[in-house]
Amino acid sequence: MSFINYSSREINCKIVYYGPGLCGKTTNLQFIYQKTSPDARGKMVSLATETERTLFFDFLPLSMGDVHGFKARFHLYTVPGQVFYDASRKLILKGVDGVVFVADSQVERMEANMESLDNLRENLEEQGYNLDALPYVVQYNKQDLPNAAPMEELSKVLNPTKVPEFSAVATTGDGVFGTLKAVAKLVMMDLRKRK
Amino acid sequence: MEVLYEEEYRQIQEIVERLCRDANSKAVLLIDKNGQEIASSGEIENIDTTSLSSLTAGNVAATGGIARLLAEKEFTGQFHEGEHTNVHISIVAQRVILLVLFDQRTSLGLVRLRVKKASKDIQDILDAMSAKEHQQARPSIFEEITDEDIDNLFNDD
Ligand SMILES: Nc1nc2c(ncn2[C@@H]2O[C@H](COP(=O)(O)OP(=O)(O)OP(=O)(O)O)[C@@H](O)[C@H]2O)c(=O)[nH]1
Ligand SMILES: [Mg+2]
């Protein structure tokens with residue numbers, strides 16, 4: 001839930017990166033962290049296992065400039081993608097303003113992508129959200145790999161409603177900021193609509 | 001909490017400052033359940049309060065999840081003892097989180113006592129706020145925002 005503070009003149013919004021295990025959610029945030037100037041970002045917090053799998057969440061606070069004298073701040077979160085961390089994923093979705101679904105483009109991960117997308121929809125519904133009504137974008141990550149499916153094919157299965165979609169290679173940063181800006185923009189437009 | 005106006009912010013800030021003083025604590029943070037800092041007081045210059053807020057909210061959310069699994073009502077509070085700093089976490093009005101950092105200059109008993117009083121005061125303000133929200137449509141800063149404004153947000157890199 002966006003939080004507007006008239007005293008500090010800030011708008012705070014929460015964006016969640018969702019997707020199957022190892023699809024590259026944490027890598028997205030790491031790239032954003034590396035490429036953002038220190039005065040526009042806070043510390044990145046990662047609650048991870050010893051093998052660097054997300055255990056609870058990653059968190060990165062970002063400032064994105066001003067609208068009408070209010071500082072727009074975005075809190076980016078990733079969920080743990082591994083199937084058995086479902087309880088944690090539900091907690092992190094609370095109060096979400098925008099969602100990025102990060103798909104793993106590798107052909108053999110198609111089923112995992114579909115499962116994760118179903119899981120996203122269900123977990124949102126459980127909390128009274130509808131994915132189709134939320135600011136939402138899709139990213140097809142790992143497009144650099146030889147076994148990556150072409151974007152049109154992925155899109156057919158994973159993006160039937162045709163929300164904004166991006167091809168990406170999170171390790172080199174390709175498509176990472178494009179994805180972030182698109183979802184942030186949708187969030188701001190949604191705020192205006194809701195008033 | 002969705003919108004916080006100056007008037008209520010001032011009242012809340014006052015309570016947080018008073019709590020910090022009366023409990024003889026190092027610092028006090030008021031955090032919304034989604035992890036955003038609402039107000040703070042005390043020795044916070046060397047603390048990353050943004051990370052602290054997010055982690056505290058995550059902790060409270062996880063603890064709440066455990067409570068639901070065990071069919072408990074939400075646990076009312078947490079206490080962590082460190083070598084130099086102790087942490088007292090409590091939930092106010094099921095909506096916001098009060099975090100108190102303290103050391104040997106005070107006691108857990110005194111902190112608990114003061115937190116109880118401050119919680120009551122904060123709850124009163126939150127209640128008044130929700131009553132007000134029902135009565136009047138809140139003014140919006142967003143009505144006047146144009147597509148251009150939104151585009152400009154992201155043009156700087
Ligand atoms: N080749 C390639 N590897 C990538 C890309 N993005 C991420 N990776 C690698 O994939 C692995 C997993 O990335 P993470 O970002 O940790 O994945 P995650 O989605 O956060 O995984 P969980 O935390 O388990 O949900 C790491 O070794 C990354 O370096 C990409 O675009 N191309
Ligand atoms: Mg991760």
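Figure 1. Chain B has 4 helices and 6 strands. Helices (H or I, at least four residues) and strands (E, at least two) are DSSP runs, numbered from the N terminus. From that end, the order is β-α-β-β-α-β-β-β-α-α. The C-alpha trace of chain B spans about 55 × 40 × 35 Å along its principal axes. Residues are numbered from 1 along each chain as its sequence is written, while chains are lettered from A and ligands numbered from 1 in the order in which they are written. In this predicted model, local features need pLDDT of at least 70, side-chain atom pairs count only at pLDDT 80 or more, and totals for chains, interfaces and linings use all residues.

**Figure 2. The side of chain B that touches chain A.** Here 31 residues of chain B are in contact with 35 residues of chain A; contact requires C-beta atoms, placed from the backbone, within 7 Å. Elements giving two or more residues to this side of chain B are strand S1 (3–4), helix H1 (6–22), helix H2 (49–69) and helix H4 (147–153) of chain B. H2(B) gives the most, 8 residues. By class, this side of chain B has 14 nonpolar, 9 polar and 8 charged residues. Ala, Val, Leu, Ile, Met, Phe, Trp, Tyr, Cys and Pro count as nonpolar, Asp, Glu, Lys and Arg as charged, and the others, Gly among them, as polar.

**Figure 3. Strand pairing between the chains.** Strand S1 (residues 3–5) of chain A and S1(B) pair in the parallel sense over 2 bridges. Pairing requires at least two DSSP bridges between the strands. A:Asn5 stands opposite B:Leu4 in S1(B).

**Figure 4. The shell around ligand 1.** The shell has 21 residues, and A:Gly24, A:Thr26, A:Thr27, A:Thr54 and A:Gly81 come nearest. A residue is near a molecule if its C-beta atom, placed from the backbone, lies within 6 Å of it. By class, the shell has 6 nonpolar, 11 polar and 4 charged residues. Helix H1 (residues 25–35) of chain A gives the largest share, 3 residues.

**Figure 5. Helix H1 of chain A, mostly covered.** In H1(A), 8 of 11 residues are buried. Buried means that 20 or more other C-beta atoms, placed from the backbone, lie within 10 Å of the residue's own. A:Lys25, A:Thr26 and A:Thr27 are among the buried residues of H1(A). Their cover includes strand S2 (10–18), strand S4 (54–67) and helix H5 (176–194) of chain A.

Definitions and conventions: Two residues are in contact if their C-beta atoms, placed from the backbone, lie within 7 Å. A residue is buried if 20 or more other C-beta atoms lie within 10 Å of its own, exposed if 12 or fewer, and partly exposed in between; C-beta atoms are placed from the backbone.
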